[in-house]
Amino acid sequence: MIDYYDWRGGREAMLRFGPETGPIVMIAMPLFEEANRIRAFVVTLCRTLAARGIASALPDLPGQGESLLPTEAARLDDWRTAFAAAAARLGKRPYGASLRSGAAVDGEAALAGRWRLSPLSGAAALADLRRAEAAGMKMRSETVAELDDTGSPPQLLAGNRVSPSLLRALADDAALAIPDGPLRTLRLTSDPQPADRKVDAAPLWRRAEPGNDPALATLLADDIAAWIAQCGG
Amino acid sequence: MLPDDISTIETTVLAVLRDVLGLSEARANALRPETPLFGAMPELDSMAVAGVLTELEERLGILIEDDEVDGEMLETFGALVDFAVAKAPR
């Protein structure tokens with residue numbers, strides 16, 4: 001079902017899956033291109049959760065996804081405010097599931113707990129964008145300019161028009177926030193950073209051609225379901 | 001560096017290319033040192049290059065500076081393996 005939520009900057013779409021009763025999971029998608037790459041996978045994950053009696057909501061952030069707001073108008077603060085507003089619309093206290101840099105936007109939402117897959121900070125997400133932009137310029141044999149976050153015009157970074165304000169806010173978001181309340185982190189086996197569980201799978205968010213991995217969706221849905229049960233949901 | 005270490009690095013580079021580019025097992029197993037990469041594989045766009053570099057850093061515990069990145073290191077599979085071998089701690 002296509003639902004919506006209102007926040008102080010306007011109205012954005014929110015996909016809803018699963019039953020009307022029982023626990024609900026609020027999904028924080030990765031920022032920028034990675035969201036497109038795993039959208040199909042996330043929908044599979046939401047449907048797999050639904051089959052386990054768990055509802056989920058997948059909000060568009062302002063200036064991302066299908067949002068009518070231009071990307072260059074996006075602000076990190078607004079993303080956090082909008083995500084919190086989307087969570088509040090669900091009525092009951094949802095559980096948060098953030099994917100990759102989605103962990104950088106769920107901080108203000110009232111969540112019963114946070115489950116994270118391969119989380120990274122805003123600064124790390126920005127570093128990926130900058131690296132892609134630099135790689136593209138190198139490959140086209142152009143000179144790589146120093147990134148300017150002092151001026152006013154938005155900068156084109158790997159196909160995204162990013163405002164100086166968003167650049168600075170992402171660069172300042174150096175570390176993952178440690179939230180109050182339950183936190184569970186999963187990472188891939190190939191990722192050396194610590195996690196509560198390591199999962200043997202390929203990083204779908206790196207794929208140029210969006211892929212899917214129903215086996216991974218099943219594994220993650222089972223993990224989320226067990227975690228919610230453990231949290232008392 | 002021992003031949004075993006080089007073989008491990010080659011396996012890691014292969015796994016990174018397979019994972020990031022979404023190569024089938026058949027295409028991944030067909031990679032040879034002389035197989036051309038950049039310009040020859042349509043999947044290897046600038047976002048994918050960034051993904052390959054970041055995954056190599058994570059999996060091999062190395063650090064790649066952006067000014068080390070050029071067309072040469074990505075010209076062939078063998079060139080990328082050589083680059084990774086030269087970067088790996090010994």
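**Entry 1. Two helices of chain A**

I began with G122(A), A123(A), A125(A) and L126(A) in α3(A), which meet L167(A), A169(A), L170(A) and A171(A) in α4(A). I call two residues in contact if their C-beta atoms, placed from the backbone, lie within 7 Å. By class, this contact of α3(A) with α4(A) holds seven nonpolar residues, one polar and no charged. Ala, Val, Leu, Ile, Met, Phe, Trp, Tyr, Cys and Pro count as nonpolar, Asp, Glu, Lys and Arg as charged, and the others, Gly among them, as polar.

I note that the model is predicted: local features need pLDDT of at least 70 and side-chain atom pairs count only at pLDDT 80 or more, while totals for chains, interfaces and linings use all residues. Residues are numbered from 1 along each chain as its sequence is written, and chains are lettered from A and ligands numbered from 1 in the order in which they are written.

Helices (H or I, at least four residues) and strands (E, at least two) are DSSP runs, numbered from the N terminus. I then looked up the geometry of the pair. α3(A) and helix α4 (residues 164-172) of chain A pack at an angle of about 120°, with their axes 6 Å apart. Axes are lines fitted to C-alpha atoms, for helices over the stretch in contact, and angles run from 0 to 180 degrees between N-to-C directions. α3(A) and α4(A) are therefore oblique to each other; angles under 35 degrees count as roughly parallel, over 145 as roughly antiparallel, 65 to 115 as roughly perpendicular and the rest as oblique.

**Entry 2. The sheet of chain A**

I traced an open sheet of eight strands with mixed pairing, in the order β1-β2-β4-β3-β5-β6-β9-β10 (chain A). β1 (2-7) and β10 (197-199) of chain A are at the edges with a single partner strand each, so one side of each has no neighbour in the sheet. The twist averages 25° from one strand to the next.

Strands pair if DSSP finds at least two bridges between them. β1(A) and β2(A) run antiparallel and are joined by six bridges, with a hairpin of two residues between them. Y4(A) has A13(A) in β2(A) as its bridge partner. β2(A) is also antiparallel to β4(A), over four bridges. Strand β3 (residues 24-28) and strand β4 (residues 55-59) of chain A pair in the parallel sense over three bridges. I found A57(A) of β4(A) opposite M26(A) and also opposite R16(A).

Helix α5 (residues 214-231) of chain A lies across β3, β5, β6 (114-117), β9 (183-188) and β10 of chain A, at about 160° to β6(A).

**Entry 3. Chain B**

I counted four helices and zero strands in chain B. Its C-alpha trace spans about 35 × 30 × 20 Å along the principal axes.

Helix α1 (residues 3-21) and helix α3 (residues 46-60) of chain B pack at an angle of about 140°, with their axes 10 Å apart. α1(B) and α3(B) are therefore oblique to each other. The contact of α1(B) with α3(B) has ten nonpolar, two polar and three charged residues.

**Entry 4. Between the chains**

Last, I checked where the chains touch: 20 residues of chain A are in contact with 23 residues of chain B. Helix α3 (residues 122-139) of chain A gives the most to chain A's side, with eight residues. By class, that side has nine nonpolar, three polar and eight charged residues.
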